[in-house]
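Biologist: Could you put the model up, so that we can go through it together?
Modeller: Here it is, with the sequence alongside.

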Amino acid sequence: MSESPTIERTCPETELSGVGIGQVAEVGVVARMADPPPPPSAAASQEAADVERERARQALAAVAADLRDRAAQAGGDAAEVLEAQALMAEDFSLAAAVDEGAKAGRTAARAIFEAFAGYRDALAGGGEYLAARVADLDDIRNRAIAASLGLPPPGVPELSHPYVLVATDLAPADTATLDLSKVVALVTVEGGPTSHTAILARSRGIPAMVGCAGAARLRDGDQVLVDPAHDVVVLNPEPARVSAARAAAAAAVESTGAAGAGATADGKAVALLANIGGPDDVAGALAAGAEGVGLLRTEFLYLDAERAPSVEEQEGIYRRIFTDLGDRRVVVRVLDAGADKPLAFLPVGKEPNPALGLRGIRALRAYPDILHDQLAAIARAQSGTAATVWVMAPMVGEPAESEWFVAQAQQAGLATAGVMIEVPSAALLTEEILSSAAFVSLGTNDLAQYALAADRQLGTLAHLLDPWHPAVLRLIGISAGAAARAGKPIGVCGESAADPLLACVLVGLGVGSLSMAPTALGAVRATLGRYTYDECVRMADLARTAGSAAQARAVVREAADAL
């Protein structure tokens, strides 16, 4: 835990609730993110149209260049996000809209503002994935407006002492290049457990609290304790509480240093795997003690591409990953795309609710050549390496889809093919699905979204979008029971596996492997090692019979403390 300037307490301790990301608490003084520039005036420009147009284009180009510089510094998942933002800033149709605004007499700043407004509305109504990109678009807009006005870009304050960064929301450009010697924790008013802030906080190991509405009242210089394990931000924490948090943080750091295979206290093996998004993530995963890869997201090969990558292009990248993993297991999720992740070469048409539309396995069945090439590339890349390669299909909802995918994989020469359990129908039909599939892997983010009818990108629904929810845990239990009867592997590759105490519950429900952001592996390994398998089962029973996510978390924490 970092040392911060000592602030004298003048007000009583106050707790603010939110959705915690991480386990280690941090104490620090608040520094708020500067507000974005206000909407520029609609008054007519006093400059010639071509002057305003050129000013706007230079501003967008400068923003794209800055985002690419940040991507080069960040690497990994963050780099992919920032590269996607840079492509947005360079979009041809956006430039055309800005040109039209300048021709109509708008200033460069106003032309940029109005051009982005049209895109913003389209994204906001385009389904969960596209709606989640609204914050990205707003960030590009604000940076471009500032550049056109000759103002410094909105961003993270530069201070000489450690601090807790507080904002309404954070854009990828802000979170990806944070100076972790200064920023000890993140707190956002908006956002949910799958927002960019949450994802990047996990990947970089920064304690965070998202969807914390009460954080709007925090001011520069306030002293706060950010306690993600208990889903609270404590304003003006008592000295004893700060001391306890510091001691717990030190103990957590010490306990997570151990490596080795995952197991409960009585020796029941639990494979601890990493979620990765490309070849550059392998080294970090292995350094963190990953026993393999439980989720290789392959979308990085496809997003923002004008054409599908060739078999040869894919083969080279997969082979690099498989080689670097040695003889470890790697589970490759085939392309998860559709109307909520539009691809130029996979047109599925406009849908009123893309989250419930032609995505995942449904899109691949509509365009089987895309899947055929991907499976062929994976099979060719596997040849000559020592890696144990499994493949799995996303968004499977019924046995017939599993049968089709397994047949395609086997035809390509891939012997171990499974499916993801992300929708309630698949959880309820796991036994039938496993008549064809070799294994199943639970995607708890989507499973919670569909089980609870709550958009997982909305911070206002964070109390529902909680993997501790008993409804979600009962679905996991049903699926795990079916896997046990079939004698086939079942794992979790959703970020719920990164919560050490919830990891114990998942093991108690019957899950045999847990895959997560590499930064979470140490804490999960250490926590599992404190409890026997029977104790994990007891925790699971307490959690799934609770009345709410908050109650489930509370009763399990109480039981764990007692043990």
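Biologist: How many bridges join strand β10 to strand β11?
Modeller: In this predicted model, β10 (residues 292-297) and β11 (residues 329-333) run parallel and are joined by 4 bridges; two strands count as paired if DSSP finds at least two bridges between them, and strands (E, at least two residues) and helices (H or I, at least four) are DSSP runs numbered from the N terminus.

Biologist: And which residue of β11 is the bridge partner of L296?
Modeller: That is V332.

Biologist: Which helices pack on that sheet, and where do they touch?
Modeller: Helix α14 (residues 399-411) packs on the sheet, touching β12 (388-393) and β13 (417-421), and its direction makes about 145 degrees with that of β13. Helix α20 (residues 521-528) also packs on the sheet, where it touches β9 (271-276) and β16 (513-516), with about 160 degrees between its direction and that of β9. Contact here means heavy atoms within 4.5 Å, and the angles run from 0 to 180 degrees between N-to-C directions, with axes fitted to C-alpha atoms, for helices over the stretch in contact.

Biologist: What do the strands form as a whole?
Modeller: A closed barrel of 8 strands, in the order β9-β10-β11-β12-β13-β14-β15-β16, with parallel pairing; the twist from one strand to the next averages 30 degrees.

Biologist: Before we go on, what are the ground rules for numbering and confidence?
Modeller: Residues are numbered from 1 along each chain as its sequence is written, and side-chain values use heavy atoms, with hydrogens and water left out. As this is a predicted model, local features need pLDDT of at least 70 and side-chain atom pairs count only at pLDDT 80 or more, whereas totals for chains, interfaces and linings use all residues.

Biologist: Switching to β5, is it covered or open?
Modeller: Strand β5 (residues 183-188) is mostly covered, since 6 of its 6 residues are buried; buried means under 20% relative accessible area, exposed means over 50%, and partly exposed lies in between (1.4 Å probe, protein chains only).

Biologist: Which strands does β5 pair with?
Modeller: Strand β4 (residues 163-167) runs parallel to β5 and is joined to it by 5 bridges, while β5 and strand β6 (residues 208-210) pair in the parallel sense over 2 bridges. L186 of β5 stands opposite L165, and its bridge partner in β6 is A208.

Biologist: How do α18 and α19 cross?
Modeller: The axes of α18 (residues 470-486) and α19 (residues 500-509) come within 9 Å and cross at roughly 40 degrees. The two helices are therefore oblique to each other, given that angles under 35 degrees count as roughly parallel, over 145 as roughly antiparallel, 65 to 115 as roughly perpendicular and the rest as oblique. L473, I476, G477 and A480 of α18 make the contact with L502, V505, L506 and L509 of α19.

Biologist: Last one, which residues is T430 in contact with?
Modeller: Leaving aside neighbours within four places in sequence, T430 is in contact with I421, V440, S479 and A482. T430 is in helix α16 (residues 430-433) and is buried, with a relative accessible area of 0%.
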